[in-house]
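Hello,

Here is the structure we talked about handing over. My notes follow below it.

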Amino acid sequence: MRILVTGATGLLGSALVPALLRAGHEVRALSRSRRHSSESVDWRVGDLVSGEGVREAVRDVDAVAHLATSGRRGRGAVDVPGTRALVVLARAAGVPYLLLTSMVGADRAPYGHLKDKREAEAVVAGSGLGWTVLRATPYHQWLHRRLSALRSLPVLPVDRSLRWQPVHAGEVATRVTELLGAGPADAAVEFGGPQVIDTGELVGTWLLTQGLRRAVVPVRYPGRLYAAQRAGELLTDALPKGGITWRDHLTPEPAHVFDDDFASEHTASPTSPATQPEGDPDLHVYGGDEGYERPTRS
Ligand SMILES: NC(=O)c1ccc[n+]([C@@H]2O[C@H](COP(=O)([O-])OP(=O)(O)OC[C@H]3O[C@@H](n4cnc5c(N)ncnc54)[C@H](OP(=O)(O)O)[C@@H]3O)[C@@H](O)[C@H]2O)c1
């Protein structure tokens, strides 16, 4: 199949492009920045917010893997209006299948960024296209990036009541590849990591594997999204699940290493959030995605 990948330079996209190539698909990849196409990847410049380049990008493809996101701080610009614009143009171009990546809990806890993801899901489900939504739990790579941004802090605030089920983005890419090959499910499918851990274990394992020692201050984050995360609404029992644990990811065995050189050769945009240093002054690691509530001491 010829597959258009939006968000091809992101954390998931940079694993998905090589996974699709390995599965024998042709890849057309969208980015806001100009990149050189190779024999295997046809890079197109496009912006889902302005609409630039999108009409051309959806022409003559068999499926769209829609990964692009403006993230939790982007006010849903890409996720909601961007998805709507993509869907309209895909339908006009006669694209038979669109797969959207979303987040586990978007249906049960539509707060903060998960509300944008829920709206994007509704746009796709009502699009008239063949569709699948893949809701994933947070990626190891994303958590590692967020924790790394706090390296310089002498004390880390930790809300141990929050539960996580991190998953490797490479395994999510494999699942996306399978779902694309299977054709539209006209349903939402969930995919999570192999273990549920609390924030204490998440941070403790990270500190240990990074060779860091930090004081930890117990906090309890307020808000509906954290309450939902505490109650387990952002976890999934769905099978299959990923096999690579948080610890595996931080201390990789050769068998767990995905081909990152291959991935960065094919993707890694200089403007992608995946390649930006974290300079997020509002950052607090340990809680969902709404990003506004300040931690309070418990
Ligand atoms: N990160 C997680 O832990 C996690 C967990 C569950 C689900 N998900 C979902 O998985 C998907 C991928 O997430 P990710 O973390 O891999 O994303 P990411 O690393 O934040 O990358 C975002 C991507 O969106 C593209 N993008 C941003 N604005 C755009 C615009 N206006 N027009 C076109 N493209 C635009 C960027 O491409 P350019 O900069 O090259 O234009 C980039 O490739 C998303 O649907 C996300 O909701 C993520």
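Helices (H or I, at least four residues) and strands (E, at least two) are DSSP runs, numbered from the N terminus. This is a predicted model: local features need pLDDT of at least 70, side-chain atom pairs count only at pLDDT 80 or more, and totals for chains, interfaces and linings use all residues. Residues are numbered from 1 along each chain as its sequence is written.

Confidence and overall make-up

The pLDDT (the predictor's confidence in each residue, from 0 to 100) averages 89 over the protein, and 85% of the residues score at least 70. Residues 268–298 have a pLDDT below 50, although this stretch has 76 contacts in the model beyond near neighbours in sequence. Two residues are in contact if their C-beta atoms, placed from the backbone, lie within 7 Å. Where pLDDT is low, the predicted coordinates should not be read in detail.

The protein has ten helices and twelve strands. Of its 298 residues, 46% count as buried; that term requires 20 or more other C-beta atoms within 10 Å of the residue's own, while exposed means 12 or fewer and partly exposed lies in between, with C-beta atoms placed from the backbone.

Leaving aside neighbours within four places in sequence, Leu16 touches Val5, Ala65, Leu67, Ala173 and Val176 by the contact criterion.

Ligand

Around the ligand there are 35 residues, of which Gly10, Leu11, Ser31, Arg32 and Trp142 come nearest; a residue counts as near if its C-beta atom, placed from the backbone, lies within 6 Å of the molecule. Strand E2 (26–31), helix H3 (78–92) and strand E5 (97–103) each give two or more residues to this shell.

Backbone points to check

Most residues other than glycine have a negative phi, and most peptide bonds are trans. Asp60 has a positive phi of about 60° and sits in the loop between helix H2 (54–57) and strand E4 (63–66). Asp60 counts as exposed because it has 12 C-beta neighbours inside 10 Å. Asp186 also has a positive phi, about 50°, and is exposed, with 11 other C-beta atoms within 10 Å. Leu239 and Pro240 are joined by a cis peptide bond, with omega about -5°. Pro240 is in the loop between helix H8 (224–230) and helix H9 (246–250).

Regards
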